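Thanks for coming. Please look at the model on the screen while I go through its fold and then its core.

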Amino acid sequence: EWAKIKSTFPGQQAPAVVMPNGEQLGGSTPLICYLGQKLGFAGDTPEDAYHCHRVIDLCNDLLTGFAEVAGPFVKDRVAGAEKFKKNQPANLDRLTEILNKKPFFVANKLTIADIACAKGIEDILLNDDIKCVLEKYPELVKHQKSVYETNGIKQYIAKGYRGANTL
């Protein structure tokens with residue numbers, strides 16, 4: 001099915017959303033930000049939205065590093081894991097600084113920033129080659145668990161919606 005419609009989507013990539021007027025919106029990060037604002041999960045002000053995007057950028061950096069460990073085209077997982085352990089603590093440090101012992105990253109409420117970070121931390125926790133890096137970041141692990149216990153998200157996960165690009 002995807003092969004038939006792929007050429008009609010922006011950049012020929014998923015995810016994409018077809019709007020009621022027929023316009024197609026594509027790109028993971030732009031869609032996360034658009035839906036976050038549309039559904040009220042991007043904070044209350046343009047500054048909150050900026051801070052959400054900042055956290056999402058850091059989470060994307062984690063995802064890029066993660067792809068070198070668990071991506072479909074990884075040739076040397078051990079080398080990828082070592083590179084992740086060496087390079088990603090800087091991003092984890094930044095995320096910890098931004099969270100700064102608060103329950104949420106932005107606007108003192110659940111935002112797309114929290115959901116993006118929780119998914120990134122989950123990916124790391126589920127990978128035996130790199131999960132040890134989180135031993136130095138208990139605050140981020142606690143945050144991930146807290147987000148996943150949030151009403152709505154907890155029920156979503158309970159229905160079996162897990163894995164890449166589901167949150």
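There are eight helices and two strands in the chain, counted as DSSP runs from the N terminus, with helices (H or I) of at least four residues and strands (E) of at least two. Along the sequence the order is α-β-β-α-α-α-α-α-α-α. This is a predicted model, where local features need pLDDT of at least 70, side-chain atom pairs count only at pLDDT 80 or more, and totals for chains, interfaces and linings use all residues. Residues are numbered from 1 along each chain as its sequence is written, and side-chain values use heavy atoms, with hydrogens and water left out.

Of the 167 residues, 37% are buried, meaning under 20% relative accessible area with a 1.4 Å probe, protein chains only.

Now helix H3, residues 46–70. The buried residues of H3 include Cys 52, Leu 62 and Phe 66. Among the elements covering them are helix H2 (28–38) and helix H6 (112–125).

Next, the core. The largest nonpolar core has 31 residues; such a core is a set of buried Ala, Val, Leu, Ile, Met, Phe, Trp, Tyr and Cys residues joined through side-chain atoms within 4.5 Å. H3 gives the most to this core, nine residues. Phe 84 is one of the residues with the most contacts inside the core. Which residues does Phe 84 contact, leaving aside neighbours within four places in sequence? They include Leu 62, Phe 66, Ile 124 and Val 133, contact being heavy atoms within 4.5 Å. Apart from this core lies another, of six residues, including Leu 110 and Ile 153.

Key: Buried < 20%, exposed > 50% of the residue type's maximum accessible area, 1.4 Å probe, protein only.
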